[in-house]
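This report describes how the parts of one protein chain are arranged. Look over the sequence and the structure before reading on.

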Amino acid sequence: MCISSMWNDSLWMVVRGIRIINLIENTEGSMGCAYAHGLSFYVETKKHKLLMDLGPSEETLKNAEKLGIDLTQVDTVQYKLTIRGGTRYV
């Protein structure tokens, strides 16, 4: 699970029909997922699949694959542009 210990090692959380999965952050998760200084969330609702920020590198994409998330199904990407942003990997 690519998720911090503050989430009690839950793979995902559901809040009123919204599924949120942390793809990468700066604390070590489990399942062999990478961690890095950066953040990326996959968010799924009944109507949409979103990628919120992209993390710092292609490790975000590798973590998504390890977690069984098909990023080709994402219909919306929200990101902030930074010098080290992960946009070149998407």
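Which residue forms a salt bridge with Glu59? The partner is Lys62, and the closest N and O atoms of this pair are 3.6 Å apart.

## Basis of the report

This is a predicted model, in which local features need pLDDT of at least 70 and side-chain atom pairs count only at pLDDT 80 or more, while totals for chains, interfaces and linings use all residues. Residues are numbered from 1 along each chain as its sequence is written, and side-chain values use heavy atoms, with hydrogens and water left out.

## Salt bridges

A salt bridge here is a side-chain nitrogen of Lys or Arg within 4 Å of a carboxyl oxygen of Asp or Glu. By this rule there are 2 salt bridges. Side chains of opposite charge can pair when their charged atoms come close.

Glu59 and Lys62 are 3 residues apart in helix 1 (residues 59–66), so about one helical turn separates them. Helices (H or I, at least four residues) and strands (E, at least two) are DSSP runs, numbered from the N terminus. Glu59 is partly exposed at 24% relative accessibility, and Lys62 is partly exposed at 40%. The cut-offs are under 20% relative accessible area for buried and over 50% for exposed, with partly exposed in between (1.4 Å probe, protein chains only).

Glu44 forms a salt bridge with Arg19, with 3.4 Å between the closest N and O atoms. Because Glu44 lies in strand 3 and Arg19 in strand 2, this pair ties together parts that are 25 residues apart in sequence. Arg19 counts as partly exposed, at 26% relative accessibility.

## Antiparallel strands

Strand 2 (residues 18–24) pairs with strand 3 (residues 40–44) in the antiparallel sense, over 5 bridges. Two strands count as paired if DSSP finds at least two bridges between them.

A hairpin of 4 residues connects strand 3 to strand 4. Tyr42 has Leu51 in strand 4 as its bridge partner, and Glu44 stands opposite Lys49 in strand 4.

## Asn22 in strand 2

Asn22 is found in strand 2 and is buried, with a relative accessible area of 2%. Its C-alpha is 4.5 Å from that of Phe41, although Asn22 and Phe41 are 19 residues apart in sequence.

The side chain of Asn22 reaches the backbone nitrogen of Ile24 at 3.2 Å. A polar contact of 3.1 Å joins the side chains of Asn22 and Glu25. A polar contact is a pair of N or O atoms within 3.5 Å; within protein, one must be able to donate a hydrogen and the other to accept it, and residues adjacent in sequence count only if both atoms are side-chain atoms.

Strand 4 and strand 5 (residues 76–78) run parallel and are joined by 3 bridges. Leu50 stands opposite Thr76 in strand 5. From strand 4 the chain passes through helix 1 to strand 5, and this β-α-β crossover is right-handed. Right-handed means that, with the strands pointing away from the viewer, the path from the first strand over the helix to the second runs clockwise.
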